[in-house]
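Hi there,

I am passing a structure on to you, with some notes on what turned up in it. Please have a look at it first and then read on.

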Amino acid sequence: MTEENHLSTVSDLFSDTVAHFIEALSEGVLQYESKEKDLWIRVKNSSWAKAAQVAKSINFNYFCFLSGIDWKDNDELGSEKLWQAPSESVESKSSKPPPKLVKIAGGQSRFQVFARLFSIEKKLGLFLKTDLDEKDLVIDSWSHIYKGANWHERETWEMFGFVFKGHSDLRHIYLPSSFEGNPLRKDFSLLARQVKPWPGLVDPEDMPEQPEQSNSKQSNIDESSNNSDNSEQS
Amino acid sequence: MSNPSNWNQASYISAQAADARINIEIESEGTVLNLGPQHPATHGTLRIVVKLEGEKVVSADPVCGYMHRGYEKLTEVRTYAQVTTLINRIDWLGSFANEVPFILAAEKLMEVEAPPRAQWIRTILFEMARIANLSVFLGEMGVQLGAITPVFYAFRDREFVLNLIESATGGRFHPNFDRIGGLKEDLPKGWLQSTQQAMVKMRHFCDELEQMLLENEIFQARCKGVGVIPADVALNYGLSGANLRASGVDWDIRRDQDCALAWKHCDWKVHVLDEGDSFARYKLRLQEVRESTHIIDQLCQSIPSGSIMAKVPKIIRVPPGEAFVNTENPLGEMGYYVISKGGLGPFRTKIRTPSFNNISILPWLLKGVYLPDVITILASLYFILGDIDR
Amino acid sequence: MISIAVLGEGYLFLIGKAILLLIVIPAFSMLIGYSFLLKMMSHMQDRLGPMEAGPHGIFQLLADGLKFLQKEDLMPNGSDRFIFKAAPIVMLVSTFLLYVVIPIGPHMVLENLHTGIFYVLGVSSISVIAILMAGWASSNQYSLLGALRAGGQLIAYEIPLVLSVVGVIIESGTLSLQGIVKAQANGNLFGLPIRNQYLISQFIGFFIFLISAQAELAQTPFDMPLAETEIVAGYMTEYSGFRFLLFYLSETATAFALSAIASTLFLGGWAVPFIHGTLAQVIGPFVLLAKTMLIAFLIFWFRFSLPRFREDQLQAFAWKFLIPLGLVNILITAIFKVAL
């Protein structure tokens with residue numbers, strides 16, 4: 001895509017901001033997209049720290065949060081997979097077009113780091129995203145640019161195992177220091193759910209008019225949430 | 001669980017080294033105080049490793065996570081309706097305010113909008129949650145500074161608001177009242193009148209505390225000039241809410257960001273103070289409670305009639321997409337970044353809680369103050385443990 | 001001077017005095033505790049307080065005391081056991097000794113020392129030794145910090161306390177407490193027959209004495225040694241059960257004793273103007289009790305309504321304000337004494 005194409009996808013509110021980023025990072029800006037008063041920019045991994053400096057220089061001085069995403073669909077999770085979209089066979093009646101791209105401003109790898117900054121003066125939000133190489137989960141630290149990023153990077157390191165280069169104090173924040181594993185990765189299964197599925201999804205008794213369907217988890221889920229909805233409204 | 005790569009190993013080593021650093025501090029000269037995890041001033045299980053020279057703080061290192069419940073992970077194994085039960089427990093003093101941004105984010109993804117009456121009721125309950133939350137702060141700040149009486153007044157008058165929340169939602173602390181597309185139920189009969197009466201009482205409570213605590217010379221001597229946060233530092237650390245406005249940054253999400261809720265329909269004022277000290281934070285929150293009562297009064301008068309539930313399917317499936325919605329919660333900016341893949345529950349929820357950022361400034365702020373000021377600063381930053389640890 | 005006549009003389013007399021004190025101290029301590037710490041505090045805070053034990057909850061403190069007696073005698077690891085055990089007793093002894101010289105009637109005083117007020121100021125500072133002992137022996141940072149704060153605070157506030165009393169001594173011309181009461185009962189102000197005049201002529205002294213007593217007792221605007229939101233419970237952090245009860249007892253009993261001394265020095269003690277002889281003997285104790293409760297009410301009123309000072313603010317207040325004021329008061333009193 002050319003720069004002109006890019007610029008047309010963002011609202012007028014952000015044309016200056018995007019121009020700034022492209023000027024400073026040139027190749028570093030991969031994709032961007034705006035929605036209402038928020039702008040998403042995906043930058044190259046190597047431009048991550050630079051992007052923060054650019055954002056700060058154009059008055060995005062309020063640090064909101066920084067975290068990570070694991071885009072993996074883990075088929076082994078069994079009853080944990082509530083987020084999964086229903087397959088066509090179950091939801092055949094829906095006539096809607098297939099869902100559009102999930103990732104705003106895109107992404108290629110399994111892991112992404114994203115952060116939100118805000119400009120108090122312009123009252124505009126900015127999301128920065130970057131992809132991480134699964135083999136080498138290293139990214140520059142923001143902790144010397146935005147002080148608030150310090151704890152968020154510690155949390156992200158702990159939850160996802162991303163290493164923030166240049167962070168002076170990368171140690172556990174929530175979990176005990178002997179904790180192993182990265183809980184927010186999709187392959188980190190909840191132990192309790194392996195032993196027993198989440199009781200909120202299991203019907204105490206089957207619906208009277210429906211025959212027992214022990215194999216189809218999906219339809220079980222539907223019934224149970226249907227039930228809970230009914231009970232809440234009555 | 002995961003096969004640690006080289007980088008993982010390196011990071012574990014750095015974690016061990018960092019832990020060892022704390023241990024060295026404990027053994028070194030000077031007093032090391034463990035404020036917490038069980039300490040009267042942290043009102044929860046926050047631990048602050050404070051290194052003292054006499055009574056002067058040399059370094060302070062907050063250690064959180066004693067109450068970490070892993071909500072971000074748990075939301076991934078819950079349906080949307082079940083998530084609200086969880087997130088009610090984040091800021092447990094103003095629970096309703098936690099539900100709203102999540103529900104708004106889900107509604108944004110589903111492109112559903114609740115009917116006006118539901119938005120009005122949401123706003124009223126949101127502001128009530130603010131009053132219920134901040135009135136605890138107003139009393140508790142006194143307790144932290146040794147004045148034990150205000151907190152009893154706060155809990156006495158907070159009851160008016162809690163009773164109203166209970167009569168409307170059925171839950172005093174954790175209403176779990178918000179639904180995607182509207183609300184669980186309509187308001188009970190006569191509720192709006194009793195709300196307006198209660199708001200008069202809350203304004204009286206504010207006057208009372210203003211005379212008792214805010215105008216007290218000892219209180220002023222303890223708070224003025226203590227824990228000063230300049231505006232640029234506050235922004236850099238991501239402080240929000242009253243902590244930010246007390247540092248002179250004029251930013252309130254209720255006013256400055258487009259929101260489906262009914263704030264834009266009433267006439268109210270965002271208070272900003274320039275001092276940035278503990279006293280300014282207290283004064284600001286007192287004014288905010290007062291402002292909230294005025295907002296509720298106006299909303300009670302202008303509330304539209306109609307349905308309280310938009311048309312949503314019985315089984316809620318949120319279409320794929322990402323949405324971030326933040327609101328001005330009692331403690332500051334609370335936001336939910338919800339990623340959906342089209343299932344019954346969110347694929348990933350990043351919960352941006354205000355207290356986590358608000359107390360991340362502590363190592364910087366506590367350096368060089370006296371031990372009693374540590375308590376003043378902790379109290380005036382006003383955090384809730386569930387809001388830090390999630 | 002004859003003391004309480006019914007008790008007789010000599011060895012038995014001494015034992016009788018000691019037993020009397022052992023009854024009187026817990027009794028007054030409970031009176032203060034019940035009326036101020038439980039009921040006044042509750043009503044000021046718009047709540048009822050304990051109501052179940054006895055009518056209007058009057059046996060609550062008794063129940064609390066019994067509860068403390070039943071508790072396990074805990075001692076922290078690494079504490080200095082002997083000193084840890086001794087500290088509450090030293091504390092109680094300091095309270096004990098205060099009661100010895102307070103006159104409650106024209107002929108009713110346990111020991112009418114000629115240097116009574118000097119003695120009071122002396123023994124009241126023994127408590128700081130007990131606090132330092134408790135703080136050090138607990139082997140706990142909070143306790144140590146609390147004890148050091150208490151040490152600094154008591155030293156700072158002993159001085160204004162002494163200075164405030166000096167004015168009274170100059171005006172009355174005696175160090176005996178009984179003498180001070182009599183000087184007030186027969187006193188006059190600028191030649192006018194106004195009795196109990198020290199409240200007016202020594203008003204500054206009274207003011208300083210009240211503030212210093214508040215600090216000496218570690219009550220709220222000056223309760224840094226115990227500040228529960230900062231250092232948990234200060235030197236009392238590690239104490240529980242019976243030993244805590246002793247600290248608690250001596251805290252309230254000292255509050256009562258200092259109130260009694262303040263009312264003796266500035267409000268005329270047991271004396272009521274124009275009442276003499278047997279009648280004064282009978283109503284004297286009640287008059288003193290009423291005045292004492294009034295001063296104790298003031299102490300606890302301040303305690304429940306004010307926030308706490310910071311340690312350095314407290315020191316500054318003592319050294320930069322109270323001590324100069326006390327010196328000025330002495331100067332003025334001396335000038336009047338010489339001039340009139």
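Below are the conventions, followed by the findings by chain and by interface.

This is a predicted model, in which local features need pLDDT of at least 70 and side-chain atom pairs count only at pLDDT 80 or more, while totals for chains, interfaces and linings use all residues. Residues are numbered from 1 along each chain as its sequence is written, chains are lettered from A and ligands numbered from 1 in the order in which they are written, and side-chain values use heavy atoms, with hydrogens and water left out.

**Chain A**

Chain A has 6 helices and 7 strands (DSSP runs numbered from the N terminus, with H or I of at least four residues for helices and E of at least two for strands). Along the sequence they come in the order α-α-β-β-α-β-β-β-β-α-β-α-α. Of its 234 residues, 53% are buried (under 20% relative accessible area; exposed is over 50% and partly exposed is in between, with a 1.4 Å probe and protein chains only). The accessible surface of chain A is about 11,200 Å², and carbon and sulfur atoms hold 50% of that (Shrake-Rupley method, 1.4 Å probe; for residues, only the protein chains shown count as cover). If you take the contacts in chain A between residues at least 6 apart in sequence, 62% of them join residues at least 24 apart (contact means heavy atoms within 4.5 Å).

**Where chains B and C meet**

Here 34 residues of chain B are in contact with 25 residues of chain C. The two chains bury about 2,500 Å² between them, 59% of it on carbon and sulfur atoms (the accessible area, 1.4 Å probe, that two parts lose on being put together, summed over both). On the chain B side, Ile148(B), Phe152(B) and Ile218(B) lose the most area to chain C, together 21% of what that side buries.

There are 2 salt bridges between these chains (a side-chain nitrogen of Lys or Arg within 4 Å of a carboxyl oxygen of Asp or Glu). Arg156(B) forms a salt bridge with Asp46(C), and their closest N and O atoms are 2.3 Å apart. With 5 residues, β1(B) gives the most to the side of chain B that touches chain C.

Ala105(B) sits in helix α4 (residues 95–110) of chain B and is buried, at a relative accessible area of 0%. Leaving aside neighbours within four places in sequence, Ala105(B) is in contact with Ala323(B), Val325(B), Tyr336(B) and Val338(B).

Gln214(C) belongs to helix α9 of chain C and is buried too, with a relative accessible area of 2%. A polar atom of the Gln214(C) side chain lies 3.0 Å from the backbone oxygen of Ile299(C). Beyond four places in sequence, the residues that Gln214(C) touches include Phe222(C), Phe302(C) and Arg303(C).

**A nonpolar patch on chain C**

Leu199(C), Ile200(C), Phe203(C), Phe207(C) and Phe321(C) make a nonpolar surface patch of about 460 Å². Patches are made of residues with over 30% relative accessible area and no salt bridge, where like charges are joined within 9 Å and nonpolar side chains (Val, Leu, Ile, Met, Phe, Trp, Tyr) within 5 Å. Ile200(C), in helix α8 of chain C, is exposed, with a relative accessible area of 54%.

Best wishes

Technical notes. A polar contact is a pair of N or O atoms within 3.5 Å; within protein, one must be able to donate a hydrogen and the other to accept it, and residues adjacent in sequence count only if both atoms are side-chain atoms.
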